[in-house]
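Please walk through the model below, taking a helix, a pocket and the confidence values in turn.

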Amino acid sequence: MARTADEIKGAVKEFYGERAVKASSCCGPEDVNDYKEKLYLLDDIKGMPETVASFGCGNPTAIAGLKTSETVLDLGSGAGLDCFLSAKAVGETGRVIGLDMTDEMLALANKNRDELGAKNVEFRKGEMESMPIDDGTVDVIISNCVINLSPDKDAVFRESHRVLKAGGRFHVSDVLLSRELTEAETNDLSLWAGCASGALLEDDYLARMKAAGFAEARIDSRSKIGSKPWFSATISAFKSADEGSCCGPTCCSLGS
Amino acid sequence: MRKDLMDILACPMCKGELTLTIDEEKNDEVIRGGLFCAKCNERYPIDDSIPNLLPPDLRKQMSA
């Protein structure tokens, strides 16, 4: 029997709430800090408190090419590692917003922020299917192994497109499928919260992003996890530079 | 939540503006308060510096 969206959200929240307390990784049984060291450059994570664990499957900040003063939104910010790395990259004039729906993760992230003194980082409780963010205000969306958890990915992609500025970038790590899963695999909630059964096939993922309005969507890299029918990928998408701009070449010429 | 990061916040439902009320603050950080959407007539609470901007149905369900 298919799980409802509410059941899935409840299970994901419970699963990650526990993980904020006792650490384990989203895509494997490895120790979290070991895992973090496999994904990130050691210089980047040096000086981070032990509790800034990574529950992700990649390092989206490395590919995002962040610039000074940019506004970054992290979907499913967890303990905040990608937010803190992004905050360094965008500098004091930039800002980073971490969105998460798990109280335990948000509390941990806020504690880590205070410890690091990262003044340009903010954590908010919200869901990525209905983001509490104004239209056209974000330069870059990042996310690490989270979108596959959403029961309504079309809404996540629509909302991502809405909050991005014209020319905005979407650079995430996520889990994709190399084949359709069996019904038993799909309905296994622990699999779901462990990244697999909610994942989409690669072509489906990109088609949905384009349907949500992204001008371009592509897979930048793939990394297979053993012989499993899923793999971790880095995905990039772009909002058209003249979209939503009232001062584009066609719009202003229509004005009086 | 920092007051100067209000500008890009929006109601999760109608994406309209939110009005901040402060019950407790420390320096430029709002510790406890609320964010009110006049259009939806909905108050989103701020507790322990974290604004809870989950859609109202989900917020009620998750706090149940």
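In this predicted model, helix H6 of chain A runs over residues 103-116, which makes 14 residues. From the first C-alpha to the last, H6(A) reaches 20 Å, close to the 20 Å expected at 1.5 Å a residue. Several residues of H6(A) are buried: A:Met105, A:Leu106, A:Leu108, A:Ala109, A:Asn110, A:Asn112 and A:Arg113. The buried set includes A:Leu106 and A:Leu108, and also A:Asn110 and A:Arg113. After the helix comes A:Gly117, with a positive phi near 65°.

H6(A) also takes part in a pocket. The largest pocket has a volume of about 380 Å³. Its lining comprises 16 residues, and those closest to the centre are A:Arg113, A:Asp114, B:Lys26, B:Glu29 and B:Ser49. Two elements give two or more residues each to this lining, namely H6 of chain A and strand E2 (29-37) of chain B. Of the elements, H6(A) gives the most, with 5 residues. By residue class, the lining of the largest pocket divides into 9 charged, 4 polar and 3 nonpolar residues.

How far does the predictor trust these parts? For the complex, the predictor gives an ipTM of 0.89 and a pTM of 0.84. Chain B has a mean pLDDT of 91, and 100% of its residues reach 70 or more. Within chain B, confidence is highest in strand E3 (residues 42-47), at a mean of 96. It is lowest in helix H1 (residues 56-63) of chain B, where the mean is 85.

Notes. Residues are numbered from 1 along each chain as its sequence is written. Chains are lettered from A and ligands numbered from 1 in the order in which they are written. This is a predicted model: local features need pLDDT of at least 70, side-chain atom pairs count only at pLDDT 80 or more; totals for chains, interfaces and linings use all residues. Side-chain values use heavy atoms; hydrogens and water are left out. pLDDT is the predictor's confidence in each residue, from 0 to 100. Helices (H or I, at least four residues) and strands (E, at least two) are DSSP runs, numbered from the N terminus. The expected span of a helix is 1.5 Å times one less than its number of residues. Buried means under 20% relative accessible area, exposed over 50%, partly exposed in between (1.4 Å probe, protein chains only). On a 1 Å grid over the protein atoms alone, a cavity is a set of points where a 1.4 Å probe fits but cannot get out, and a pocket is an open set with protein on both sides within 12 Å along at least five of seven lines; lining residues have an atom within 4 Å of a point. Grid points are joined across faces, edges and corners, and a volume is the space filled by probe spheres set on the points. Ala, Val, Leu, Ile, Met, Phe, Trp, Tyr, Cys and Pro count as nonpolar, Asp, Glu, Lys and Arg as charged, and the others, Gly among them, as polar.
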